[in-house]
Amino acid sequence: QVNLVESGGGLVQAGGSLRLSCTDPGRNFSNYAMGWFRQTPGNDREFVAACNWSGENRYYADSVKGRFTISRDNAKNTLYLQMNTLKPEDTSIYYCAVGNFYNGRFQGGYWGQGTQVTVSS
């Protein structure tokens with residue numbers, strides 16, 4: 001059973017940084033693409049960033065390009081999202097996903113429970 005667990009969320013002031021982590025203690029996803037999405041109440045889940053199995057190929061939503069960096073450590077079975085220069089509009093629940101790329105877009109297949117990120121102005 002997939003059990004992705006995110007951590008690292010919290011409250012931060014605008015301009016600050018957070019690093020999210022995602023791992024599954026019971027399964028290894030080093031051969032799979034992984035990514036991050038976010039969702040606020042009443043809105044659809046929004047793509048944030050994704051990378052291929054090695055982490056060499058990385059993709060970002062325009063809204064986070066230049067501020068967020070996705071990376072992974074397959075030896076630790078952990079996916080990261082370094083978020084810098086945070087803005088109040090980045091406030092959301094962030095979800096980790098394991099999935100695949102279809103027609104140039106990352107689609108999540110397995111999801112974590114989410115971690116709350118709140119950016120105060």
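Student: Is Phe37 buried or exposed?

Tutor: Burial is judged by relative accessible area: under 20% is buried, over 50% exposed, and in between partly exposed, with a 1.4 Å probe and protein chains only. Phe37 has 9% relative accessibility, so Phe37 counts as buried. Trp111, at 30%, counts as partly exposed. The model is a predicted one, in which local features need pLDDT of at least 70 and side-chain atom pairs count only at pLDDT 80 or more, whereas totals for chains, interfaces and linings use all residues. Residues are numbered from 1 along each chain as its sequence is written, and side-chain values use heavy atoms, with hydrogens and water left out.

Student: How many aromatic pairs does a search of the whole structure find?

Tutor: Rings of Phe, Tyr and Trp (its six-membered ring) pair if their centres lie within 6.5 Å; planes under 30 degrees apart are stacked, over 60 edge-to-face, and the rest tilted. The search finds 6 aromatic pairs. In one of them, Phe37 and Trp111 have ring centres 4.9 Å apart and planes at 65°, so this pair is edge-to-face. Phe37 lies in strand β4 (residues 33-39) and Trp111 in strand β10 (residues 105-111), so the pair links parts of the chain 74 residues apart, strands being DSSP runs (E, at least two residues) numbered from the N terminus. Ring pairs join Phe37, Phe47, Tyr59, Phe101, Phe106 and Trp111 into a cluster.

Student: Which rings does Arg45 lie over?

Tutor: A charge sits over a ring if NZ of Lys or CZ of Arg is within 6 Å of the ring centre and within 35 degrees of the ring normal. Arg45 lies over the face of Tyr95, 4.0 Å from the ring centre, and its charged end also sits over the ring of Trp111, at 4.4 Å from the centre.

Student: Which residues touch the most other members of the largest nonpolar core?

Tutor: A nonpolar core is a set of buried Ala, Val, Leu, Ile, Met, Phe, Trp, Tyr and Cys residues joined through side-chain atoms within 4.5 Å. Among the 24 residues of the largest core, these are Trp36, Leu81 and Met83. A second, separate core of 5 residues includes Phe37, Ala50, Ala97 and Phe106.

Student: With which side chain does that of Arg67 make a polar contact?

Tutor: Arg67 is buried, with a relative accessible area of 9%. Its side chain makes a polar contact with that of Asp90 at 2.7 Å; the term denotes a pair of N or O atoms within 3.5 Å, where, within protein, one must be able to donate a hydrogen and the other to accept it, and residues adjacent in sequence count only if both atoms are side-chain atoms.

Terms used:
Helix = DSSP H or I, 4+ residues; strand = E, 2+ residues; numbered from the N terminus.
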